[in-house]
Amino acid sequence: MTLSRRELLRMAAGGLVLAPLTAACSGIVVSGGANVETESSAGALLRSKAKLPAPFTLPFRVPPVLRPARSDGDTDYYEITQRAAQVEILPGLRTEVWGYNGIFPGPTIVSRRGRRTVVRHRNELPVPVVVHLHGGRTPPESDGYPTDLVKASGGTKEYAYPLDQPAATLWYHDHRMDFTGPQVYRGLAGLHLHHDDEEEALPLPRGDRDVPLMITDRAFDEDGSFSYPSVDPSLQGKPGVTGDFMSGVLGDCVLVNGVPWPVMEVTAARYRFRVLNASNARRYLLALDPPPPDGAAFTQIGSDQGLLAAPVGHDELQIAQAERFDVIVDFSRYPIGTQVTLRNKLGKDGTGDVMRFIVARRGSDDSRIPDRLADIRPLSRSDAVAEREFTFERGGAEHDGVTLWTVNGTPFSPDTIAATPRLGTVELWKLRAQNVPHPIHIHLAPFQVLDPGPYAGGWKDTVDLRSGDQAEVLVKFDGYRGKYVFHCHNLEHEDMMMMANFDVR
């Protein structure tokens with residue numbers, strides 16, 4: 001008989017399954033496999049058996065925007081079916097994806113502050129699913145708690161999103177307990193672009209020059225199917241990955257909006273790119289090659305939770321899993337005909353390339369980048385009513401000879417509450433990463449990073465930590481009472497229990 005994680009945890013309460021370690025696990029090799037870091041990311045490289053296309057030979061595409069099934073005075077209603085479909089990702093081969101409406105990435109939802117968004121999901125997949133709107137300030141019953149399952153083969157659930165929050169680049173993805181990694185890897189991810197009056201009053205690039213870039217990495221089997229090292233490929237039995245990939249799964253093929261190393265023709269004008277790292281475990285350091293002849297390559301205007309107070313120039317963008325960077329690239333600084341390649345300076349060989357732009361034509365451009373973007377009140381230590389410390393590390397518990405990824409040495413349980421913040425308050429959380437890099441995501445509550453460095457300014461919901469790093473974040477608990485989770489967004493770590501609960505009271 002196959003036991004669920006919940007049953008395992010119930011047994012663990014009686015001391016039958018999880019055994020505490022006798023020593024802190026901060027070394028390199030631990031039971032059940034090594035702590036592995038590859039190309040500056042936690043994880044091991046999974047190599048494709050299928051023939052991959054040459055980079056920059058396939059056309060770029062943008063995911064379709066989903067239209068509401070109906071609308072009323074204050075709400076837009078959408079319908080999405082999660083189902084398997086055969087699609088062509090590699091030329092000449094068919095790949096089965098588990099997709100929202102059968103496509104990967106899923107259709108983009110566009111919302112506006114002041115209107116509710118309600119999405120009815122129907123699950124035609126052979127396994128349960130959960131939907132999390134990443135970055136959404138959402139009531140607990142619609143947040144996508146890992147055990148709030150939509151049943152397989154016909155189950156439905158309606159998710160209601162008030163979205164009373166600033167304009168931001170959000171995304172939605174599977175969040176099923178124990179199986180988030182393989183289910184996102186098979187295609188369950190899509191964009192959700194949220195707008196408001198403040199953002200739309202700015203003279204930023206819009207229309208065809210406001211472009212989402214969902215960056216992922218995958219590996220492919222010989223027949224074109226996704227390759228992923230699940231212990232149980234049916235995803236209906238024992239969770240987890242095989243030993244070599246306990247630190248994370250890195251693919252050797254980089255996809256942008258589901259296309260391997262695409263090429264995009266652009267006008268010699270400013271473009272707004274909403275960059276999302278939707279990879280399971282891979283971090284990227286993005287750069288333009290050649291760089292522009294003058295000034296910064298990227299002008300950042302927004303972060304995870306919306307606009308920055310003022311634009312920030314970057315020659316490179318370091319982006320961890322689940323982070324979003326809203327940036328402007330001005331292609332008018334290049335001669336017509338220039339080929340500009342988006343590189344990943346953390347990658348090697350194929351993973352060092354992301355996509356290519358060809359500056360194909362001249363065109364008019366009435367956009368500009370204002371000196372001020374949004375009113376953001378910086379939080380300070382004096383705002384915090386409580387301080388808490390959380391260490392993300394491999395150690396503290398093990399199962400079947402495998403040392404688990406934990407928070408403060410404790411594996412995830414739906415019944416264990418790590419923090420009880422009060423609604424309307426600010427707390428200072430000290431987040432520490434051990435063993436390998438960990439991107440930490442907090443549901444519901446936006447935060448500001450103290451001493452953010454070049455990449456963690458503005459309101460965030462995910463912070464990138466290298467091994468040994470510590471971040472102090474001021475977390476604002478507004479919106480809703482209820483139970484939520486925070487976790488590492490290396491999805492293999494999350495599935496192996498690196499997650500904890502907080503209950504807003």
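The questions and answers below look at salt bridges in a predicted model.

The model is predicted, with local features needing pLDDT of at least 70 and side-chain atom pairs counting only at pLDDT 80 or more, while totals for chains, interfaces and linings use all residues. Residues are numbered from 1 along each chain as its sequence is written, and side-chain values use heavy atoms, with hydrogens and water left out.

Me: How many salt bridges does the count come to?
Reply: A salt bridge is a side-chain nitrogen of Lys or Arg within 4 Å of a carboxyl oxygen of Asp or Glu. By this rule the count comes to 32.

Me: Which helix holds D197, the salt-bridge partner of R112?
Reply: The side chains of R112 and D197 meet at 2.3 Å, N to O. Helices (DSSP runs of H or I, at least four residues) and strands (runs of E, at least two) are numbered from the N terminus. R112 belongs to strand β10, and its partner, 85 residues apart, belongs to helix α3.

Me: Is D197 buried or exposed?
Reply: Buried means under 20% relative accessible area, exposed over 50% and partly exposed in between, with a 1.4 Å probe and protein chains only. Because D197 has 58% relative accessibility, this residue counts as exposed.

Me: How many residues apart in sequence are the parts that R432 and E389 tie together?
Reply: The side chains of R432 and E389 form a salt bridge at 2.9 Å, N to O. R432 lies in strand β32 and E389 in strand β29, so the pair ties together parts whose separation in sequence is 43 residues.
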